[in-house]
Amino acid sequence: MDISDELYREVVLDHYKSPRHHGRMERPDVLGWGKNPLCGDELELHLAVKDGRIEDIKFDGKGCSISQASASMMTEAVIGKDLSEAKEIVSNFKGMMMEGKPADEMPEALEDAKSLEGVRKYPVRIKCALLSWNTLLEAMKKLEARKAA
Ligand code: ZN
């Protein structure tokens, strides 16, 4: 195992054992649900959005350590960000996981999340890592559709 593997395990384990922003909100502005049937991961996202900014975000769910740790990393990456910034961050993360963008080129918000780069070596687990990020995109889409209506 090389150093990056070890770092990856440490960061993932830390988020898995002590998830950030874990829980639910009584009155979220928007909800997101995500599922990864291949692995059995489930995720629920609660967002508080004010003036186009993610004021608070919480996640709840169950599944493998990668899906849960990645959700924790995602909440840290986007909390306090504008929706457009959050989209940019998600697209960077997806670029790393799906198109092989180097972790070195990731923005600061992805400091922890970029340790998931190692998951690319395990194609079946990429869906686990992407679940929460895709769920966030869906939730933001819902918000925008509501605004446009
Ligand atoms: Zn999984």
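The dialogue below goes through a predicted model by asking how some of its descriptions are reached.

Visitor: What makes Cys 39, Asp 41, Cys 64 and Cys 128 protein donors of the zinc ion?

Guide: In this predicted model, the donor atoms of these residues, SG for the cysteines and OD for Asp 41, lie 2.2 to 2.7 Å from the zinc ion. A donor has to be an N, O or S atom within 2.8 Å of the metal, so the atoms listed at 2.2 to 2.7 Å meet that limit.

Visitor: Where in the chain do Cys 39 and Cys 128 sit?

Guide: The pair links distant parts of the chain, for Cys 39 is in the loop between strand S1 (30-36) and strand S2 (41-50), whereas Cys 128 is in helix H4 (residues 123-148), 89 residues apart.

Visitor: Why is Cys 128 called buried, and why is Cys 39 called partly exposed?

Guide: Buried means under 20% relative accessible area, and partly exposed covers the values between that and 50%. Cys 128 has 0% relative accessibility and therefore counts as buried, while Cys 39, at 36%, falls in the range between and so counts as partly exposed.

Visitor: How do you know that S1 and S2 pair?

Guide: Two strands pair if at least two bridges are found between them, and S1 and S2 have 7 bridges in the antiparallel sense, so they are described as a pair. Within this pairing, Leu 31 stands opposite His 46 in S2. The hairpin of S1 and S2 has 4 residues between the strands, and there Gly 40 takes a positive phi near 90°.

Visitor: Which residues of S1 belong to the covered face and which to the uncovered one?

Guide: Val 30, Gly 32, Gly 34 and Asn 36 make up the covered face, and Leu 31, Trp 33 and Lys 35 the uncovered one. In a regular strand the side chains alternate between the two faces of the sheet.

Visitor: What makes S2 and S3 a pair as well?

Guide: The requirement is at least two bridges, and S2 and strand S3 (residues 53-62) have 9 bridges in the antiparallel sense, so they count as paired. Ala 48 stands opposite Asp 56 in S3, and the two strands form a hairpin with 2 residues between them.

Visitor: What is said of the phi of His 21, and why is His 21 called partly exposed?

Guide: His 21, in the loop between H1 and S1, has a positive phi of about 55° although it is not a glycine. Its relative accessibility is 25%, which lies between the limits of 20% and 50%, and so His 21 counts as partly exposed.

Visitor: How do you know which residues line the second largest pocket?

Guide: A lining residue has an atom within 4 Å of a point of the pocket, and the residues listed are Glu 6, Tyr 8, Arg 9, Glu 10, Val 12, Leu 13, Ser 65 and Ile 66. The space in this pocket is about 180 Å³. Helix H1 (3-17) and helix H2 (65-78) each supply at least two residues of the lining, and the largest share, 6 residues, comes from H1. By class, the lining has 4 nonpolar, 1 polar and 3 charged residues.

Visitor: Why is Glu 6 called partly exposed?

Guide: Glu 6, which is in helix H1, has 45% relative accessibility, and because this lies between 20% and 50%, Glu 6 counts as partly exposed.

Visitor: Why is Ser 132 called buried, and why is Met 98 called exposed?

Guide: Ser 132, in helix H4, has a relative accessible area of 1%, which is under 20%, so Ser 132 is buried. A polar atom of the Ser 132 side chain lies 3.5 Å from the backbone nitrogen of Ala 71. Met 98, in helix H3 (residues 83-99), has 52% relative accessibility, which is over 50%, so Met 98 counts as exposed.

Key:
Residues numbered from 1 in each chain as written. Predicted model: local features only at pLDDT ≥ 70, side-chain atom pairs only at ≥ 80, totals over all residues. Heavy atoms only, no water. Donors = N, O, S within 2.8 Å, 3.2 Å for Na, K, Ca; no water. Buried < 20%, exposed > 50% of the residue type's maximum accessible area, 1.4 Å probe, protein only. 1 Å grid on protein atoms, 1.4 Å probe; cavity = no way out; pocket = protein on both sides within 12 Å on 5 of 7 lines; lining within 4 Å. Points joined across faces, edges and corners; volume = space filled by probe spheres on them. Nonpolar A, V, L, I, M, F, W, Y, C, P; charged D, E, K, R; others polar. Polar contact = N/O pair within 3.5 Å; in protein donor to acceptor, adjacent residues only side chain to side chain.
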